[in-house]
Amino acid sequence: METSQAMNQALMKRKRNGQINIKSGNKIDSAVKWTIWVLTVLTVISFFFFDYTGLQLERAITETAHNLRVMFLEPGLSHFGWGEAFYQVGITLGLGVLATVFGAIIALFLSLMAAENLSKPWLSKTIRIIVAFIRAVPTVLWVLIFAIAAGLGSEAAVLGMLFHSVAYLVKAFSEAIEEVNPGIIEALRATGSSWWHIVVHGVLPSTFTYLLSWTFLRFEINFSVAVAMGAAAGAGGIGFELFMASGFYFDLREVGFITYAILIIAIVLEVISTRLKNRYFPSSVKA
Amino acid sequence: MNEKKIHKNKWQTTIFLLIIIFITYLSTAITDFNFIDSIATIPAAIGWMFTNLMVTQESMAKMPAIMEKLGETIFMSIAATTLAAVVSLFLALLGSKTTKVNNIFSMLARFIASFSRNIPVVAWSLILLISFGQNSVTGFLALFVATLGFLTRAFIESIDEANQSSVEALTATGATYFHIVSKAVIPQSLPQMLSWILFMIETNIRSATLVGILTGTGIGYMFDLYYKSMNYNVVALITFTIVIAVIVIELISNKIRKVIL
Amino acid sequence: MPLLKVEGLGKLYDGETKVLRDVNFEVEAGEFLSIIGPSGAGKSTLLRCINRMVEISEGKVIFDDLDVGEMRKKELRKLRTNIGMIFQHYNLVPRLTVIENVLHGRFGYKSTLQGVFARFTEEEKERAFFLLDKLGIAEHAYKRCDQLSGGQQQRVGICRALIQEPKLILCDEPIASLDPNSSKVIMDYLKQISTEMGITCLVNLHQVDVAKEYADRIIGLKKGEIVFDGPSKLLYEDQIENIYGIETRELITV
């Protein structure tokens, strides 16, 4: 009994004040703790760096509350009719579709080159670096940059959105392709199949639904990107109407109507993509 | 039987592809999109980029101002994400199956999350801009609201995924609700949640540029200013600083993720 | 006076599926009692009615002279501190250390703030080490729980129950996920706890032979009803066949 007590004493870790420690102090715990600390400190500091020009907090809050009430309780149209509203929503959806479809096609080819099990290391590495660079530039900057060369319009918007879609999908697609059972590829290689045979008969059939689901997820994102491009880069569509209603006409009812329209479509898209996710992705998905 | 199924699958794929082609065609029509034109644009645009988007000695002089605005944008994204995460944690605890207090609060939490998530960040910025004016607080609030919805959904998933059996065990020892949440639920889902927070910070820095253009704050406003005055050398410099900032933050968070997950 | 009295206990799920019907039995302090029966017989539900992890639909559960079904929130917490529970899948918090998991057993005695900030006294921590040593896993105290083997994790689970200083321990299939060697170790410890510390044990088991070897008394459960209640040595082949049904027995022997 005595000896086992002594043994226990030897096993106990103690804090500086002599209390018995119950944390193991491993790397994960301390990394989590440090991350939280750093983020907290940065958050506090950031409020000193903010630019508060022209801010009257109390008035702003009461006004916004009033505005939100008008928007969401009395939505209405005044500068255009229902038909026009549908047309503008259609334009936004159309921009999303084009960027997604073309993006998926380009991404498919690039991801075959980026997947480590199908490609050469140097090629896969190069594509990954380029993709990381493209992803780091905000979409709106791509659109604005293309707008200089192509002029404002759907071409610049689609091309700009395309860049980001391709970068996002290449990452997702190539990870999906890398999860293909190596046995399948090896078996096809053993029969003397060419690279294209392996891709068409081995890789694509087993990943097709997966790739389609990812594409749809991207479409969900591209819809809200298209709204943003309409508002910030003059790409037209419902986003542009939103920008005009709030920035030029100050028509809160119209802002409310447009917001509802966007909200309804976004929720429908979200419901569909959640279903796809639950059906085709067994574990949780990280974007 | 099997052959029939394959036939059916082939038919389905063909019909599916035809539908996609049709929708794409419809989209080109409604958006007035010219395929040939846009392909022709690409080489022109790339050529333009290489000749005009050059960082010159002159534009380097703007560096201090750019760094200040970039700092403001990064801080804005971090503050919005962190504070949204705190609120999201409470909403997620109310919303999750495992930890909900009652069904009404659970529904309410999920509703708030869905509402703030599905209204795009652009709409939030424009709505807030009307009363809050051109300053960081507008951008901060817009990012905050959009992040709130996204993180609440992600956190609910993380909590639901955590092992529920330990919740049962702690209940059986006579632990209270807050004991269970703080010692069984959060320790298990915290690394996953942190990973989502880091992801959201990366995303928000990119969104902050967009919000900045609309609300006239941060690096986005600066970009817009030089873009409109056609000073493309400074535009290039701003773009590069954003790219570097985003990549550095991505690298840091990947490193943290590797340790904690 | 018996420690635990179950009177006419019934449990309905969704208002129609009857999992338990008219269950009556008494348990004296210090007894080692095993409940056997095929899966789906209602063993787990019966155990969870005793500490009200599931609500009671009909009848009464009397623990230590108190009606469990009538208890308010505070009394229920007190009841649960007096009853330890051990689970088939150990139910530990995987990312925390062994010692932290053991100390979770003290939450019933803590206020919310004390628990949230992990204010445990030195005596409690030493007690935790003492118990871990008693179950032979003190050297793993600072490891994360998910790094231990199944048998070791179950021993952590036992420590968590013991540190509650319970009068009764409920064990829900404690060895169903373990290999034969670890199963024997766990059952030996449970037996030792009941004889040395005088803690009453109620153990759900799948395996008849294990129940016969360790338990003083066996209750056989079939489709939510008690079909056998008596000393282990009086449980004969024909009763076992009655509990598990002829077909299942054939399946097992073939």
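In which loop of chain C does Phe117(C) lie? In this predicted model, Phe117(C) is placed in the loop between helix H4 (112–116) and H5 of chain C. Phe117(C) counts as exposed, because the number of C-beta neighbours inside 10 Å is 10, and a residue with 12 or fewer falls in that class. Between Phe117(C) and Leu76(C) there are 41 residues of separation in sequence, and their C-alpha atoms are 23 Å apart in space.

Confidence in chain A was considered next. The mean pLDDT of chain A is 86, and 96% of the residues score at least 70. Within chain A, the lowest confidence belongs to helix H1 (residues 2–11), with a mean of 72, whereas the highest is found in helix H4 (residues 82–114), at 92. Over residues 283–287 of chain A the pLDDT stays under 50, and for this stretch the model has 4 contacts beyond four places in sequence.

For chain B, the corresponding record lists domain 1 (2–52) and domain 2 (57–260), with C-alpha centres that lie 33 Å apart.

The contact between chains A and B involves 66 residues of chain A and 65 residues of chain B. On the side of chain A, the largest share, 13 residues, is contributed by helix H2 (residues 27–49) of chain A. Sorted by class, this side of chain A comprises 44 nonpolar, 17 polar and 5 charged residues. From chain B, Ala123(B) can be taken as an example of a residue that meets chain A: when neighbours within four places in sequence are left aside, Ala123(B) is in contact with Leu242(A), Thr259(A) and Ile262(A). Ala123(B) belongs to helix H6 (residues 121–132) of chain B, and is classed as buried because 28 other C-beta atoms lie within 10 Å, against a threshold of 20 or more. Within chain B, Ala123(B) and Ala142(B) are 19 residues apart in sequence, with a C-alpha to C-alpha distance of 8.5 Å.

Chain A is also in contact with chain C, where 16 residues of chain C meet 10 residues of chain A. On the side of chain C, helix H3 (98–103) and helix H5 (122–134) each supply at least two residues, and H5(C) provides the largest share, 5 residues. The residues on this side of chain C divide into 9 nonpolar, 1 polar and 6 charged.

Backbone geometry sets two aspartates apart for comment. Most residues other than glycine have a negative phi. Asp32(B), however, has a positive phi, near 65°, and is found in the loop between helix H1 (2–31) and H2 of chain B. Asp32(B) counts as exposed because it has 12 C-beta neighbours inside 10 Å, which is within the limit of 12 or fewer. Asp64(C) likewise has a positive phi, of about 55°, although it is not a glycine. The position of Asp64(C) is in the loop between strand S4 (58–63) and strand S5 (66–67) of chain C, and, with 16 other C-beta atoms within 10 Å, Asp64(C) is partly exposed.

Strand S4 of chain C also takes part in the packing around helix H2 (residues 73–82) of chain C, whose buried residues are Leu79(C), Arg80(C) and Thr81(C). These buried residues of H2(C) pack against S4 and strand S6 (83–86) of chain C, together with helix H8 (165–172) of chain B.

Conventions:
Residues numbered from 1 in each chain as written. Chains lettered and ligands numbered in written order. Predicted model: local features only at pLDDT ≥ 70, side-chain atom pairs only at ≥ 80, totals over all residues. Contact = placed C-beta atoms within 7 Å. Helix = DSSP H or I, 4+ residues; strand = E, 2+ residues; numbered from the N terminus. Nonpolar A, V, L, I, M, F, W, Y, C, P; charged D, E, K, R; others polar. pLDDT = per-residue confidence, 0-100. Domains from an automatic or database assignment.
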